[in-house]
Each structure stands twice: as C-alpha cells, then as structure tokens.
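Trainee: Could you walk me through this one? I'm new to it and would like to start with the helices.

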Amino acid sequence: MVKIERSFPAPSSLEAEAKKKSGSYEKSDVVERLKQDFHNKCYICELKNLQDPQVEHLLPHKNGRYPERKFDWNNLFWSCGHCNGVKNQNIYDSGILDCCKVDPEKRIIFRLKEEQIELLPLMKQADEETDRTIELIKAVFNLRNTGMRVYKSDMRLKELQKEMNILFKNLNDLKKRPDKRIVLYKLRALLKRESAFAAFKRCYVRERIDEYPQLESYIQ
Ligand SMILES: [Zn+2]
C-alpha cells in the first residue's frame, strides 16, 4: 500500500446519485477517475491492471445503513474483487489506513522473506488502523479458507515474487555497471508509487540505501 493523490473536486455524478432512492456510486465518471487516481492498481494488494476492479468503501456503508458513506468521494477506493471480499469482515469495519491521507510507507515495513510476506509496524506503539491494515494485507496474500482464495492468494504472492526478482536483477546490474543509464532508468520506473507492489520494492531499497545511494531520490 502506497500513498495515493486523490483528485478533486469529486466526480459530479456522486452528488446527484446520492439524492436518488437507489442511486449508484459507480457511474462512469467515478470509475474512470478512481482508475486514474489509483493507477489502475488495487490499493490493498498492489496488483496492477485489474481484470475485476471494484469500487470499494473504506468505511462500509452496510447496505445503506450509513448512506453518508456510500457516496462520499473520500470513502471510495479502487480495489480488486479478492481484496474487497477479504476486507468485507466486521474486524475491518472500524477502518484501516486511509492511503489518500496518510503515507502507509511511513507506518509499515513491507518485506518478502523466504517466499512469505512480512509486515511490521514502523512505530513501536502502532495505532489500531495500522495494525488492521497489516492484518488485512497479510490476509490477502495468505488466506486459504476456500479453493478460490488459495488460488488468488498464491497468484498474488507469485506476482510479487516475480516483480521482486525483476528488481533484484536490476539492482545487480547497477552494482556491476553503476554508470549505465538504462539501468537507472529501469529502476526509477520500478520504484514509482504507481508500479505493481511498489511498497515492497521501495522498502527493500530503503532498507539497503547505503548500498544504492544513487536511488535515494526514487524512493522519496
Ligand atoms: Zn487486491
């Protein structure tokens, strides 16, 4: 999970739809804007180019029990169906980090360790939202309570490993040829917030910045 810059003003359909008896919070203007603002990446698992994107409510509207949440632009997020489904449990109802308002990279350490993800709070006394966010991200990579979830969690873990291997290859190339501009160019793209699994890649480099001082500006 990385920081997202939400654009304003809110898509215009939201205000009109909120006044209707059964209005929709996913008209084209909302969908297009979320896709753009979130770089077509699930804000929870960071999988790119989603086949099954969904408009997710950070704080659930509970079938309209909280109508003010349903059409609130600040409460609408871009996620994959897998993460939306996993998050749809009472334990997450009191909220996770709002990545449009706080920078998750300043709260959480993201690591891939021996084919498992490891997420730790950065601060000794983490707030509840950080703890719940950690639980949720761990769950979307690890949950195996149905056959489909085994498949979807494994798929995300494999995609993360693939992306990390591309990063490792380029970091190796950089060590061998520190003057090669194409390698720096590739690393800059790999470390952009909009790239797949950016939080994990940026954290890896951040924790080894002494070895790669020339990448400092790419992880700001
Ligand atoms: Zn996801």
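Trainee: At what angle do the axes of α6 and α7 cross?

Mentor: In this predicted model, the axes of helix α6 (residues 147-176) and helix α7 (residues 181-190) cross at roughly 150° and come within 10 Å. That makes α6 roughly antiparallel to α7, a term for angles over 145 degrees. Local features need pLDDT of at least 70, side-chain atom pairs count only at pLDDT 80 or more, and totals for chains, interfaces and linings use all residues. Residues are numbered from 1 along each chain as its sequence is written.

Trainee: And which residues in α6 and α7 meet?

Mentor: From α6 there are Ile166, Leu167, Asn170, Asp173 and Leu174, which meet Val183, Lys186, Leu187 and Leu190 in α7, with contact taken as C-beta atoms, placed from the backbone, within 7 Å. Sorted by class, that contact has six nonpolar, two charged and one polar residues.

Trainee: Switching to α8, which of its residues are buried?

Mentor: In helix α8 (residues 198-206), they are Ala198, Ala199, Phe200, Lys201 and Arg202, where buried calls for 20 or more other C-beta atoms within 10 Å of a residue's own.

Trainee: What covers them?

Mentor: The cover over the buried residues of α8 includes α6, α7 and β3 (108-113).

Trainee: How does β3 pair with β4, then?

Mentor: β3 and strand β4 (residues 116-121) pair in the antiparallel sense over six bridges, pairing itself requiring at least two DSSP bridges. Ile109 stands opposite Leu120 in β4. β3 and β4 form a hairpin with two residues between them, and Glu114 in the turn has a positive phi of about 45°.

Terms used. Axes are lines fitted to C-alpha atoms, for helices over the stretch in contact, and angles run from 0 to 180 degrees between N-to-C directions. Helices (H or I, at least four residues) and strands (E, at least two) are DSSP runs, numbered from the N terminus. Angles under 35 degrees count as roughly parallel, over 145 as roughly antiparallel, 65 to 115 as roughly perpendicular and the rest as oblique. Two residues are in contact if their C-beta atoms, placed from the backbone, lie within 7 Å. Ala, Val, Leu, Ile, Met, Phe, Trp, Tyr, Cys and Pro count as nonpolar, Asp, Glu, Lys and Arg as charged, and the others, Gly among them, as polar. A residue is buried if 20 or more other C-beta atoms lie within 10 Å of its own, exposed if 12 or fewer, and partly exposed in between; C-beta atoms are placed from the backbone.
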